[in-house]
Amino acid sequence: MHTTLVRLLFITSAFHCSALAAQSDFDVVIANGRIMDPSTGTDRIANLGVRDGRIAAISTEVLVGTKTIDATGKVVAPGFIDTHFHGTLPIHYRMALRMGVTTAMDLEFGASGKRIDEWYAQREGSSLINFGTSVSHELARASVLDGVDAIDTSEAYKSRPQPNWSRAVPTAQQHEALLAIARQGLNSGAIGIGSTLGYMPGVSADELFAVQSLSAEFGRQISVHLRHTPGNDTDEITGAQEVLANAAALGAPAMINHFNNRGWRTVHQLIRGMQNNGHNVWGEIYPYHAGATTINAVFFEPRNWVDRLGNRYENTLLDPSTNEFLTQANYLQLRESDPTRVVIVFKSPEEEVVEWLGLEGISIASDGLPDLQPVPIDTDLASLPNAHPRATGTYAKALRMARENNLSLMAVLKQTSYTTAQHFEAAGLSAMAQRGRLTEGAVADIVVFDPERVTDNSTFRKGTLPASGFAAVLVSGELMLENDRVLLEKVGNGPLPGKAIRY
Ligand SMILES: [Zn+2]
């Protein structure tokens, strides 16, 4: 009887398989995983079939593919979408891929409006993951006020030490010239405007309004590092109110960058209130109590950092290259000798980090700022100069913290993909209407991870250690990472699957 049953099962399943193999032919099948789709709330065990770069089937039926990934015990989710990743070199995209990111965009600093076509052309067919950029308000100012044409963060060492981009107040003619550069970038398809407003005290409220008006004219978002951030709970909140009031008046999309600072609870209420009133605005957080930026940032000046905000350098500014905190004397000396040196800035109580995970209407973005020196794509990540751990850890840390704190994994997965896709879809960016979700017909940007094991490994002392616990990452249906290993053998072997995210 037992033998008969086994034979019967064997015959049935063999018949089933051959029948399906004849009619369905998937390039990749992700079998038996826990499908978690934040766009519909679907959370079930099923098989997912990929064909021609798209999700072609999600089914409890057996699916047969050229390649099958066994996802038993694993979560299958939309690839993570990072709107705030300052690394734009091939090795940086490899870092992002290691933590499940399938789309990395620098929407805060952005790229020169004069060079958007060039920026995208450089990555076309040669990127591990999807890429995108905004047009840079800062670089438009650097171009007009300092005469420097840096392309993006990789050339910020040229623009940031210049005297005028930050503090100068443009003449009427210069004002028009910088808007013309931004317009050129938007005409070239840039994803809205990125403004590092908090670094530029020379930007008046009038100038910001003019820049937001331009983004409104194109129906695209502005992504803003708020005036005075990091500041106190008055600065942070009024900084958000400025951007949000402009957005409301103009009917334009807007995103508040990394509002994981003082006053965040009220900023979140402002954003939610506007969302509930139909405005396409949102915010980002990164799950760390410290940030990182260049040492010459205006907000670190003693009269602001010490006198006004009451901070001390000795327990807030860490130099990652020495792993030592700075004194005021070190700070003043380094600001002159090495103005674009990156420092880590401790600014929030660590216990608040968990409260940012799962926040409704808010996305997770890394603000990853790895060392920007160009190095070969296959360089050992652990050997790179130390940097803030968020560039290699953000998404894995969010997943680990969700596990350790019994948070809703679905709420966190919404923050890592769908929330972002939803806001860009509403702003008419068609590439995002097809991403950030696991539904039939969507682009197959997919991450498969072990929910019990996924973790960040990077720390403030060793910030470049890659994350682990990722079984697979697919970009446009092509397997690019397997068992925590980026498939670098695909580099230089035909076009890579990363796509331009662009208007
Ligand atoms: Zn920022």
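**Strands and pairings in a predicted model**

Me: In this predicted model, what makes β7, helix α3 (residues 116-123) and β8 a right-handed β-α-β unit?

Reply: Point the strands away from you: a crossover counts as right-handed if the path from the first strand over the helix to the second runs clockwise. β7, α3 and β8 make a unit of that right-handed kind.

Me: How do you know that β7 and strand β8 (residues 130-136) pair?

Reply: Pairing takes at least two bridges, and these strands have 5, in the parallel sense. To find one of them, look at Ala104, whose bridge partner in β8 is Phe131.

Me: And what makes strand β6 (residues 80-82) a partner of β7?

Reply: The cut-off is again at least two bridges; 3 join β6 to β7, and the strands run parallel. Phe80, for one, has Val101 as its bridge partner in β7.

Me: Why is strand β7 (residues 101-111) called largely enclosed?

Reply: A residue is buried if 20 or more other C-beta atoms lie within 10 Å of its own. In β7, 11 of the 11 residues are buried, so the rest of the structure largely encloses this strand.

Me: Over in the open sheet of 4 strands, why are β13 (290-294) and β15 (324-325) called edge strands?

Reply: The order is β13-β16-β14-β15, with antiparallel pairing. β13 and β15 each pair on one side only, and that makes them the edges.

Me: How do you know that β13 pairs with strand β16 (residues 342-346)?

Reply: At least two bridges are needed, and β13 and β16 have 5, in the antiparallel sense. Among the contacts, Ala290 has Phe346 as its bridge partner in β16.

Notes:
Residues numbered from 1 in each chain as written. Predicted model: local features only at pLDDT ≥ 70, side-chain atom pairs only at ≥ 80, totals over all residues. Buried ≥ 20, exposed ≤ 12 C-beta atoms within 10 Å, placed from the backbone. Helix = DSSP H or I, 4+ residues; strand = E, 2+ residues; numbered from the N terminus.
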